[in-house]
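User: I would like to go through some labels used for this protein. Please set each value against its definition.

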Amino acid sequence: MMRIPLVLIGALVPAVALSEVPPVNKRIYGLHESVHIGELGITVPAKLDTGADSASLSARYIKTFERDGVKMVEFDIAIDRDDREEWGIQQNQWDDVELPLAGHVRIKRRAESVQDGERDFSRRPMVTLTVCMGNRRQQIDVNLTDRSEFRYPLLIGAEALKGLGALVDPSLSHSVGTPRCQEDQEDTLMMEAAGAH
């Protein structure tokens, strides 16, 4: 039987303990969190999905247009009436929303949903939204697609999660509570990175 010197075992214990400590400026979130969307003035439940690249907001009746040389997108937020009432979303917050168009993103379609001769991707318009989870606020690009068949109208993917300094623990849900970013505060992630807490 091989004996491991106690000195070696003692050296390994701190390394194991350190590996469980989140890196500086990282924050642990649950699989689902409440997210405030600044431009819309609403708070909705979101699913945090490290397997998705981009973020998506449930929307329908999406159309792009140009106003005074600026590309815009108009849409309705696709959330059913019971959920809108439960989450306190008024008609002027979900109906005929207009925001600047941030671009388009290609989203690969599931193989089983692609018919012969169809493209294997969909092209979705994107908007830039300011989201707040817990006390962290970040601007993220969000594509628009109808997610009304899902429980969570907002999906936050890997790119946005990186920007938020997020670590996702799927055993948790709503772990950071109600969003509490102040409208006049600077980006809290930038402040923490600079050493202000």
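Predicted model: local features only at pLDDT ≥ 70, side-chain atom pairs only at ≥ 80, totals over all residues.

Analyst: Residues are numbered from 1 along each chain as its sequence is written, and side-chain values use heavy atoms, with hydrogens and water left out.

User: What makes Cys 132 and Cys 181 a disulfide?

Analyst: A disulfide is a pair of cysteine sulfur atoms within 2.5 Å. The S to S distance of Cys 132 and Cys 181 is 2.1 Å, so the pair qualifies. A search of the whole structure finds 1 disulfide.

User: Why is the disulfide of Cys 132 and Cys 181 called right-handed?

Analyst: The torsion about its S-S bond is about 90 degrees, so the disulfide is right-handed. Cys 132 and Cys 181 are both buried (under 20% relative accessible area; exposed is over 50%, partly exposed in between; 1.4 Å probe, protein chains only).

User: How do you know that the charged end of Arg 84 sits over the ring of Trp 94?

Analyst: The term requires NZ of Lys or CZ of Arg within 6 Å of the ring centre and within 35 degrees of the ring normal. The charged end of Arg 84 is 4.0 Å from the centre of the Trp 94 ring, and is listed as sitting over that ring.

User: Why is Val 142 called buried?

Analyst: Val 142 has a relative accessible area of 0%, so Val 142 is buried.
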